[in-house]
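The sequence and structure follow.

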Amino acid sequence: MRVSRTPARRRRSPSRRPRPLALLAAAACLGFAALAPAAAQAAAPTPVPASAGAPAAVNAAAATFTDDFDGPAGAGVDGSKWLTETGDNVNNHERQYYTAGTNNAALDGQGHLVITAKKENPGNYNCWYGRCEYTSARLNTSGRFTSQYGHVEARMKLPRGQGMWPAFWMLGDDIGSVGWPNSGEIDIMENVGFEPGTVHGTIHGPGYSGSGGIGAGYSLPGGAAFADAFHTFAIDWSPNSIKWSVDGNVYQTRTPADLGGRQWAFNKPFFVILNLAVGGYWPGDPNSSTQFPQQLVVDYVRVSDGGGTTPPPTGTKTIKGIGGKCLDAAAASNANGTAVQLYDCNGTSAQAWSVGGDGTLRVLGKCLDVPSGSTADGAKLQLWDCNGTGAQQWVVTGAKDIVNPQADKCVDATDNSSANGTRAQLWTCAGTANQKWTVS
């Protein structure tokens, strides 16, 4: 089947040919590819990330789909979970040919799926524009797994370079009967190479597809690129609501109120798709600066029911302060010097604290620490290797203070703020709201 999509960024009509993207099974006939988050509405402001690269704790009993991509290097994906699509895609004017087998999608033996885009054509494949110039891979769970609501996430490291177009997305399972866009499409993450530090989340449905898709972008702070490290991309999906997050940072929420009376197409089962496209209307084609091969490295894909993440691991606690915000390891990093901050409570490992019998407070294997053993007001707290010094000793009092006995000072939310990214610091104990913490 063919789908005519109006390109989001370049408004010219594609020359359509009857050469759809084919599935390797008769369960469905798709012919779709990740669509640019057209008309992405104003991007949300980017706070200090709360849990970059940190997987949310998923209770195995609640998980409805999990693939950690464990297996020997060079092995293919689990065919009981994933369907491999083959063919080209005229609808977005992408340049790649999606192949079967392990040439473009294989495990690396280290718990990752690697989808590789290559500048080659070993099979003499033909594309809509002639002899194909690139190969890549696209996988979906159609006929194997669908979900209606829940927490859907993948931890990935993205490729880089002009013309690269990785995507993690979903399509309504009724697409074979109602067609696109009536099926609905949820783009959990899309990235184009000319925006190395920005990803987009978008919904498409009847009357708001193509250039009318509704979404927003999320950008990493400090000019960082999504190709530099793993990041976690997720939605929390419930009846009449979808929330997008990157590394635990919720950056947009969409409800039927955003559709101006048009049909909300997301209260039904959807299946999951992973792909790496090369070129197309939105990203543009590769150029002389683009290096091949490029890889989309996927650490895991998980879908848990009930929506949202589960509580932190057994034996750990959240430390909740002013404004109901949680004490959090910035970017979910356990590197020495990692900032300790306030952030929306999100159930990630960056907020799962252990209260040690040795007087320490630990998260991600590191201790809450006062830099250089400072006793000064305003000393910003950090994570550091546990070393038994007075800079890492803490007493949680019945009055809900957290006191460092060496300094005889309290853990304090800087400037009495509850904003995401507010640094935790030492300050003279004053009994104020920004020094009160609930450990539970």
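Met 170 touches Val 152, Gly 184, Glu 185, Ile 186, Ile 188, Ile 235, Trp 237, Phe 270, Phe 271 and Val 272, leaving out residues up to four places away in sequence; contact here means heavy atoms within 4.5 Å. This is a predicted model, in which local features need pLDDT of at least 70 and side-chain atom pairs count only at pLDDT 80 or more, while totals for chains, interfaces and linings use all residues. Residues are numbered from 1 along each chain as its sequence is written, and side-chain values use heavy atoms, with hydrogens and water left out.

Met 170 is buried, with a relative accessible area of 0% (buried means under 20%, with a 1.4 Å probe and protein chains only).

Two strands (DSSP E runs of at least two residues, numbered from the N terminus) hold residues discussed here:

| Residue | Strand | Range |
|---|---|---|
| Met 170 | β12 | residues 164-172 |
| Asp 236 | β16 | residues 231-238 |

Now for the nonpolar core, a set of buried Ala, Val, Leu, Ile, Met, Phe, Trp, Tyr and Cys residues joined through side-chain atoms within 4.5 Å. The largest one has 52 residues, and Leu 113, Met 156, Phe 168, Ile 186 and Phe 266 touch the most other members. Strand β19 (residues 270-278) gives the largest share of this core, five residues. A second, separate core of 25 residues includes Ala 329, Ala 350, Ala 391 and Ile 402.

Asp 236 is also buried, yet has no salt bridge (a side-chain nitrogen of Lys or Arg within 4 Å of a carboxyl oxygen of Asp or Glu). Its side chain makes a polar contact with the side chain of His 151 at 2.6 Å (a pair of N or O atoms within 3.5 Å, one able to donate a hydrogen and the other to accept it).

Terms used
Helices (H or I, at least four residues) and strands (E, at least two) are DSSP runs, numbered from the N terminus. Buried means under 20% relative accessible area, exposed over 50%, partly exposed in between (1.4 Å probe, protein chains only). Lys and Arg count as positive and Asp and Glu as negative; His and the chain ends are not counted.
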